[in-house]
Amino acid sequence: MSIGLDEKFAMFSDQWSPKIIAQLNDLHVKAVKVKGEFVWHSHPETDELFFVHKGSLNIQYRDRDNFVHAGELFIVPCGVEQKPVADEECEMLLIEPAGTPNTGDAGGPSTTTGDWI
């Protein structure tokens with residue numbers, strides 16, 4: 001079954017709220033739109049894959065910036081503290097184990113594991 005990314009991204013407008021679009025074994029593929037800054041957090045139990053579909057993303061580490069542009073992917077190793085930042089709206093895919101909260105170990109009111117669309 002093919003999945004049209006542009007169609008999936010057209011289904012929502014909220015920021016920093018991942019939408020589950022596919023499952024591969026025990027991994028969820030999530031579509032998310034982001035703009036501005038997210039919270040500092042880490043995922044102690046898992047790596048996290050970011051694939052930028054449109055726009056650009058800066059995945060900040062405490063000691064450096066990691067810029068990811070449309071068509072590129074970036075993997076944050078498990079346990080590494082990060083803060084995603086997008087100056088303009090960025091559409092991206094996340095691939096991570098099912099049930100992984102977006103805020104990792106930070107928690108808070110923005111925490112979600114994603115909803116299916």
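**Figure 1. Burial and surface of the chain.** Of the 117 residues in the chain, 44% are buried, where buried means under 20% relative accessible area, exposed over 50%, and partly exposed in between, with a 1.4 Å probe and protein chains only. This is a predicted model, in which local features need pLDDT of at least 70 and side-chain atom pairs count only at pLDDT 80 or more, while totals for chains, interfaces and linings use all residues. Residues are numbered from 1 along each chain as its sequence is written, and side-chain values use heavy atoms, with hydrogens and water left out. The accessible surface of the chain is about 6,100 Å², calculated by the Shrake-Rupley method with a 1.4 Å probe. Carbon and sulfur atoms account for 52% of this surface.

**Figure 2. Order of the helix and strands.** The chain contains one helix and eight strands, these being DSSP runs numbered from the N terminus (helices: H or I, at least four residues; strands: E, at least two). Along the sequence they follow the pattern α-β-β-β-β-β-β-β-β. The radius of gyration is 13 Å, close to the 13 Å given by the globule rule for 117 residues, so the chain is as compact as a globular protein of that length. The radius is taken over C-alpha atoms, and the rule is 2.2 Å times the number of residues to the power 0.38.

**Figure 3. The largest nonpolar core.** This core has 16 residues; a nonpolar core is a set of buried Ala, Val, Leu, Ile, Met, Phe, Trp, Tyr and Cys residues joined through side-chain atoms within 4.5 Å. V34, F50, L57, I59, C90 and M92 have the most contacts inside the core. The elements that give two or more residues to it are β2 (27-37), β3 (48-54), β4 (56-60), β6 (73-76) and β7 (83-97). Strand β7 gives the most, with four residues. Another core, of seven residues, lies apart from this one and includes F12, I21, V29 and A31.

**Figure 4. Surroundings of V34.** Not counting residues up to four places away in sequence, V34 touches Q15, W16, L57, A86, E88, E89, C90 and M92, a contact being heavy atoms within 4.5 Å.

**Figure 5. I75 in strand β6.** I75 is found in strand β6 and is partly exposed, with a relative accessible area of 46%. Leaving aside neighbours within four places in sequence, I75 is in contact with D47, E48, L49 and Y61. I75 and V39 are 36 residues apart in sequence and 18 Å apart in space, C-alpha to C-alpha.
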